[in-house]
Amino acid sequence: MRIGIFICHCGHNIKSTVDIEGLKGHFREMVNIACVEDYPFMCSEPGQALIKSSIERLGLDRVIIAACTKTLHQDMFKNLVRDAGLNPFLLRRVSIREHCSWTGEDKDKNTKKAMRLIRAGIYSSAHYEPLEEKQVEVNKSALILGGGISGMSAAAFLARAGMDVYLVEKEDELGGHVRRVGDVWPIRERGRDIIEGMVKELKTLDNVHIFTSSRLVSFGGSFGNYEAVIKTKDGEISITAGGVIVAIGFTAFDPSVKPELQYGVDKRVVTTLEFEENMDDLPLKEGSRVAILHCIGSRDDTIGRPYCSRICCINAIKTGEKIKNHIKDSYVESFYMDVRSHPRGGEEFYEDTQEKGVLFTRANISEVIPEERGVILRGEDTLLGMAFEREFDLVILSVGMSPSKDNHEIASLLKITLDKDRFFLEAHPKLRPYDTALKGIFIAGTCSGPKDMEESINHGRASAVKLYGLLNLGYAFIEPFVAYVDPKRCSGCRMCEQACVAKAIKFDDNLHIVKVEEAACMGCGLCNATCPSSAIALRGYKDTMIDDEISALTEAV
Amino acid sequence: MAESIKNKNIEIVGFACSYCSFKASEMAGSLRMKYPEGVKLIEVPCSSRVDPAFIIKALIEGADGVFVAGCHPGDCHFIKGNYYTRRKIAALKEMFNAFSIDGRLRLFWVSASEARRFVDKVTDMYNNIKEKKK
Ligand SMILES: Cc1cc2nc3c(=O)[nH]c(=O)nc-3n(C[C@H](O)[C@H](O)[C@H](O)COP(=O)(O)OP(=O)(O)OC[C@H]3O[C@@H](n4cnc5c(N)ncnc54)[C@H](O)[C@@H]3O)c2cc1C
Ligand code: SF4
Ligand code: SF4
C-alpha cells in the first residue's frame, strides 16, 4: 500500500493549535506511508497541485487529506484525485479543524488527538475499494415551494434560463407578504404593483406552471429526480423535479402572545402589517396621538424570539414618517430598545424622520392599558431611568418575523433541518447560505431567517443560480454507498429483509438467500448492523472499516 | 497497547449520524466551541448502522465511554433508523446494567442545528465518567 498524507495548516486555523511538524515526524515512521506533506492551504491551487503531483509521482493508492471537515471542498478534492488517475473513493478526508484544532486549546493534546484521527483515517481506508459512481440523468426542472417575492424571483430566473418550473403557493394568489405592504421602503411603491408586475412576467413564460391554493403532500426520490405529489384545487398531481427551492416565507408575529399589549382586545392596538394594508381604516384624525412600539416579537427571550427581525425598525420609522406626513398636527412617539436602521440609506431615513418631528424614546413598555379616553402606555424611559405613563389614540406594534407555521411540516417532508429558532438551516452560515444538507434542495428568502425584500430577492436568485448550475450539467452521480450481500455467508434468515425500511432487500426463493436492489437502497446500514452472519455489508462503512477506526481511536500514540 | 492510555485520560468514542449529530459537531467546531479532546467521533450514515459489537469492542479496547448520537425521534433521514437504534441501545444498557457499566454508554438525540446541545451532551458525559474514575 502506498499512502500519501496531506496535512493542511489552514493558515493559522490548524497550525496554531496543532504541531504540524510533530504529526509529520510521527507518520513518517509508519509503514506503508509513501509521503507526508503539509501546506498552508491544501484547497489552494498550489495545494491541489502538490496532492496531484504526489499521486502521479509516487503512484499513491490512498490519499489522506487532514484538513477541514468533509462537508467542505469534497467535490473539488474528489475531482482532483480522479484527475490524478486514482479512484476518488480511495480518498479519505480527516477533519482536524472542526473536530480538533478549533475545539481544543492545548496544543499537545490537540496534536495527540489529530494523530489518532489521522490514524483512524489510515486504518479504515486500508479497507476501501475503488467504487464507481452511477451517473444518472437529471430532470432539468425545479419545484419551488412558496410564491412570495423570493420564490417568484427564483422562478423567473430558472424559467428564463429554460428550465421547467413548478411554483406551488398555498394561498389563492401569488405574492406573499409583499402584496400586503402598502408602501415599500425605500422605493416607495405599492407592494401589490410590484407583485402584479412579476406575476405578469411569470405568466408570459410557458415553462412556468403555477399552482395556487396548493400544497406539497408527499416527497421522495433523490437529486436530479425528486418525486413530489402536490394537492391542488383540482386534485392531486405527481411531478418529477431535478431540484427544489423552499421559499415559504415567514409569519408575522402574533402579538396576542403577549397579553399585556391588549392586541386583539382593544381595536386601538394594531400591527404595522395592518397599517400597511390599510392606513385609511385606522382611527386617525387631525391631532391624533400615536405610539409606535419597536421589537414586538423580536429580541425577546421570554417568548422564544431572541433574534432581531431586521425589518421592524425601518417599518416603525416608515410608519411614523407616514403619519407625520399625512395626519395634520399629529403627535408620533416611537419607543425603541435600539434603532437598527441598518439597510443602505436607513440611518439617513431615521434622521430625516426625527427632523420631521417623530419623537424617538428609548424605553421598555411594560403594559398597555385601555381606557375610554385613550390607551395608556406604562413603561420606563431607559435613558432617564424614569417610569412614565402616557396617553395615546392609537398604538402600532412593529411586529417581527416568526418562522412560518408550515416550517416543521415541510422540513419533515423534505428531510431537511430547522435551526434553533425554527427557521430553515443552511448548510453553512457563511460558505453555503443557500444550500441545505441535501443536494439540490435550496432555501430562499425569509424561511431561513428575517430578511427585507432586497435580501429575499437576492437570496431567491442566488439559490436559483446554484440549482441551475447543478442541473445544467445534465447528469448527477449517485453515491455508491449501498448494501451488498456475500452469497457464501448469507444463511437466508431474512432478518435484514424485515429490518430494511426501504424494502430494498428481496429474498431469492431458488437460492434461499437475499439480494439488494441497489436503486432502492438508501444506504443507512441498518441491515449491516442486523445480520447475524455478517453477510450483508454497506459499501463505504463496512465492519472492518469501523472496527479499525475504533482501534485507532483507542490505541496509544 | 490500550493500557497506557487507560489510566491517564478519559477516552470517549462517539458514533455520530452523518445527517444530524455529525453536522452539529461540525457546526460546534466552526463556532469554536470547546469540549474535551478525549471525545472522538466516528461518522456513520445513520445511527442504525451502529452494531452493538462496535460499542463492546470500543469498551474492551480501552474506551472509558461510548455514545451513539442520532436524529431526534421522527426526524431520521432514513425514516425510522433511530427507532431501531433506540431499541438496540436499550437492550445493551440492560445488559451493561448487570455489570454496573451502564454509565459508560449513552444515546443522545442531537439535530444538525444543535451544536450547543452536542457540546453539552459530550461534556456532561465526559465529566460524569471522569468523576467516577477518580
Ligand atoms: C409590516 C411589514 C412591512 C414590510 N415592509 C417592507 C418594506 O418596506 N421594504 C422591504 O424591503 N421589506 C419589507 N417587509 C419585508 C418583506 O415583507 C419580506 O422581506 C418579504 O415578504 C419576504 O418574502 P418571502 O418570499 O421570503 O416570504 P413571504 O412574503 O412570506 O412569502 C412566502 C409565500 O409562501 C407561501 N407559503 C407558506 N407556506 C407554504 C406552503 N406550505 N406551501 C406553499 N406555499 C406556502 C405563503 O403563502 C407566501 O405566499 C415588510 C414586512 C412586514 C411584516
Ligand atoms: S440477515 Fe444476513 S444472513 Fe440473514 S438473510 Fe440477511 S444477509 Fe442473509
Ligand atoms: S442499507 Fe438500509 S436501505 Fe439499504 S438494504 Fe440495508 S437496510 Fe435497506
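This is a predicted model: local features need pLDDT of at least 70, side-chain atom pairs count only at pLDDT 80 or more; totals for chains, interfaces and linings use all residues.
Which side chains meet in a salt bridge at 2.7 Å, N to O, with one partner in chain A and the other in chain B? They are Asp543(A) and Arg49(B).

**The interface between chains A and B**

- On the chain A side, 46 residues are in contact with 48 residues of chain B.
- Together the two chains bury about 4200 Å², and carbon and sulfur atoms account for 63% of that area.
- The size of an interface is often given in this way, as the accessible area lost when the parts come together.
- Three salt bridges are counted between chain A and chain B, and the pair Asp543(A) and Arg49(B) is a salt bridge with N and O 2.7 Å apart.
- Polar contacts between the chains number 16 residue pairs, with both residues at pLDDT 80 or more.
- On chain A, the elements that give two or more residues to the side touching chain B are α4 (97–101), α5 (107–125), α13 (495–499), α14 (526–530) and α15 (543–554).
- Helix α15(A) supplies the largest share of that side, with eight residues.
- Sorted by class, the side of chain A that touches chain B has 18 nonpolar, 14 polar and 14 charged residues.

**Ligand 1**

- Ligand 1 is surrounded by 35 residues, and the closest are Ser150(A), Glu169(A), His177(A), Lys318(A) and Thr446(A).
- Ser150(A) places a polar side-chain atom 2.7 Å from an oxygen atom of ligand 1.
- Asn315(A) also uses a polar side-chain atom, which lies 3.1 Å from a nitrogen atom of the ligand.
- Lys451(A) approaches through its backbone: an N or O atom there lies 2.9 Å from an oxygen atom of ligand 1.

- The shell around ligand 2 consists of Cys490(A), Ser491(A), Gly492(A), Cys493(A), Arg494(A), Cys496(A), Val514(A), Cys531(A), Pro532(A), Ser533(A), Ala535(A) and Ile536(A).
- By class, this ligand 2 shell has eight nonpolar residues, three polar and one charged.
- Around ligand 3 are Ala483(A), Cys500(A), Ala502(A), Ile505(A), Cys521(A), Met522(A), Gly523(A), Cys524(A), Gly525(A) and Cys527(A).
- The ligand 3 shell divides into eight nonpolar and two polar residues, with no charged ones.

- Over all chains, the structure holds 15 aromatic pairs.
- Phe89(A) and Phe481(A) form an edge-to-face aromatic pair, 5.7 Å centre to centre and with 90 degrees between the planes.
- Phe89(A) sits in the loop between α3 (74–83) and β4 (91–95), and Phe481(A) in the loop between β23 (475–478) and β24 (483–485), so this pair ties together parts of chain A that are 392 residues apart in sequence.
- Salt bridges over all chains come to 50.
- Arg82(A) and Glu133(A) form a salt bridge, with their closest N and O atoms 2.7 Å apart.
- Because Arg82(A) lies in helix α3 and Glu133(A) in the loop between α5 and β5 (134–137), the pair ties together parts of chain A that are 51 residues apart in sequence.

**Backbone points to check in your viewer**

- The peptide bond from Trp185(A) to Pro186(A) is cis, with omega near 0 degrees.
- Pro186(A) is placed in the loop between β7 (164–168) and α7 (191–204) of chain A.
- Arg188(A) is likewise found in the loop between β7 and α7, and its phi is near 55 degrees, a positive value in a residue other than glycine.
- For context, most residues other than glycine have a negative phi, and most peptide bonds are trans.

**Around Gln262(A)**

- Gln262(A) lies in the loop between β13 (250–252) and β14 (269–271) of chain A.
- The C-alpha atoms of Gln262(A) and Ile369(A) are separated by 7.6 Å, although the two residues are 107 apart along the chain.
- Leaving aside neighbours within four places in sequence, Gln262(A) is in contact with Val269(A), Val368(A) and Pro370(A).

Note on methods: Residues are numbered from 1 along each chain as its sequence is written. Chains are lettered from A and ligands numbered from 1 in the order in which they are written. Side-chain values use heavy atoms; hydrogens and water are left out. Contact means heavy atoms within 4.5 Å. Buried area is the accessible area (1.4 Å probe) that two parts lose on being put together, summed over both. A salt bridge is a side-chain nitrogen of Lys or Arg within 4 Å of a carboxyl oxygen of Asp or Glu. A polar contact is a pair of N or O atoms within 3.5 Å; within protein, one must be able to donate a hydrogen and the other to accept it, and residues adjacent in sequence count only if both atoms are side-chain atoms. Helices (H or I, at least four residues) and strands (E, at least two) are DSSP runs, numbered from the N terminus. Ala, Val, Leu, Ile, Met, Phe, Trp, Tyr, Cys and Pro count as nonpolar, Asp, Glu, Lys and Arg as charged, and the others, Gly among them, as polar. A residue is near a molecule or strand if one of its heavy atoms lies within 4 Å of it. Rings of Phe, Tyr and Trp (its six-membered ring) pair if their centres lie within 6.5 Å; planes under 30 degrees apart count as stacked, over 60 as edge-to-face and the rest as tilted.
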